[in-house]
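Student: Please take me through one part of this structure closely. I would like to look at the ligand and its surroundings.

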Amino acid sequence: MNAYVNPLAGGDAVFAPSPIVDFIRSRDFDRPTLVLHRDTVARQYRALKSGLGRADIHYAVKANPAREIIEVLVAEGSRFDAASRGEIELCLSLGAHPEHISFGNTVKRASDIAFAHQAGITLFAADSEMELEKIALHAPGAQVYIRLLVGATGADWPLSRKFGCAPERAVGLMDHAVALGLDPVGLSFHVGSQTRRAEMWRETLDQVSAVWAGACAAGHALTLINIGGGFPAFYGEEIEAPQVYAAQVMAMVEPRFPGALRIMAEPGRGMVAEAGMIAAEVLLVSRKSDEDLCRWVYLDIGRFSGLAETEGEAIRYQFLTERAHEGTGPCILAGPSCDSADVLYEKRPVALPVGLQAGDRIIIRNCGAYTSSYSSVGFNGFPPLDVVVI
Ligand SMILES: Cc1ncc(COP(=O)(O)O)c(C=O)c1O
């Protein structure tokens, strides 16, 4: 077998039975299209909920804001984590209660805070003095939770650095919140997106638990721990089933946060990634030289039209073709735009059938999260990713 061939990272030419695959195979598409399956979203919600037990699920709308997904989740009883006024309006318009929406972005526009407050939203995230001051001014008396910076955990898509305050700043921020007339109810963190095993949460939970204990000792009677997202999707590497994973996380959370009357979890990827597949097309297969070991395969979808999470080859999607009967060879995969950054996988090429041709259909598996919401409006004149919900 060629050293580059990694059947887990791509090149799986067999169509697994799936209503999404059946739908895609029965239709033609003029452009790359994300097909989402409502029932899979409902199934993931129920699995996560059964593992999370008493924790409230606030679906991270940014993962996929399709109206049909929000509708399914409202019907299932989910709550929502919104990053902007637009996401709040979307959830409200589809029947979510304002008390069930948290405004989790730590960098909010002042007018969005005022809008959220007027709409009845009472729970806001912050990680700095200035953000608390904006909240106090535009949502007086609101409940706030302080987001903590946590160390890298080995997640495939780390979220460290940009959000959260250093642990030693948390109590000072809570004191500041009290002085501003706000109600600092708890803490939040994000363990990193696509944290493949529940056990990888342990160290982070220990760090956050120490801050919790320190804040309680300093006189803040905390009642809310928001454990964020991180729940993984299947991209070819083994992961635990959602209810098992969530139950393991909860078993680690419960003893570490005494007094936490309320636990929140904000799954995004784990809720919707496996509910979607993209129908794409091969535009070109070429070799740069006669000696090239790898073919270059150009798809009609790329970094700017939905596959942004291939940045650093962090998220490795799986590809299905109709050529199950053929052998495979290593391919560098690229998108269609005239931008040299629009290369999806090069460091670790993807195994694809040797006979792959322009015009072949390619199905990209488990990409319901962070694809349509990441696709540009019209870079290079390519339209944003089309979405169909079945
Ligand atoms: C505040 C917050 N909560 C939840 C999520 C969802 O994370 P995941 O998709 O890993 O579940 C994100 C992702 O960026 C986030 O920023």
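Tutor: Here is a walk around the ligand site. This is a predicted model, where local features need pLDDT of at least 70, side-chain atom pairs count only at pLDDT 80 or more, and totals for chains, interfaces and linings use all residues. Residues are numbered from 1 along each chain as its sequence is written, and side-chain values use heavy atoms, with hydrogens and water left out.

Start with the shell. The ligand is surrounded by 14 residues (each has a heavy atom within 4 Å of it). The closest are His-190, Ser-193, Glu-266, Gly-268 and Tyr-370. Sorted by class, the shell has four nonpolar, five polar and five charged residues. Here Asp, Glu, Lys and Arg count as charged; Ala, Val, Leu, Ile, Met, Phe, Trp, Tyr, Cys and Pro as nonpolar; the others, Gly among them, as polar.

Now the polar contacts (pairs of N or O atoms within 3.5 Å). The side chain of Glu-266 places an N or O atom 2.6 Å from a nitrogen atom of the ligand. Tyr-370 also uses its side chain: an N or O atom there is 2.6 Å from an oxygen atom of the ligand. Gly-268 uses its backbone, with an N or O atom 2.8 Å from a ligand oxygen atom. How much of the ligand does the protein bury? Alone, the ligand exposes 390 Å², and the protein buries 92% of that (accessible areas by the Shrake-Rupley method with a 1.4 Å probe).

Key: Polar contact = N/O pair within 3.5 Å; in protein donor to acceptor, adjacent residues only side chain to side chain.
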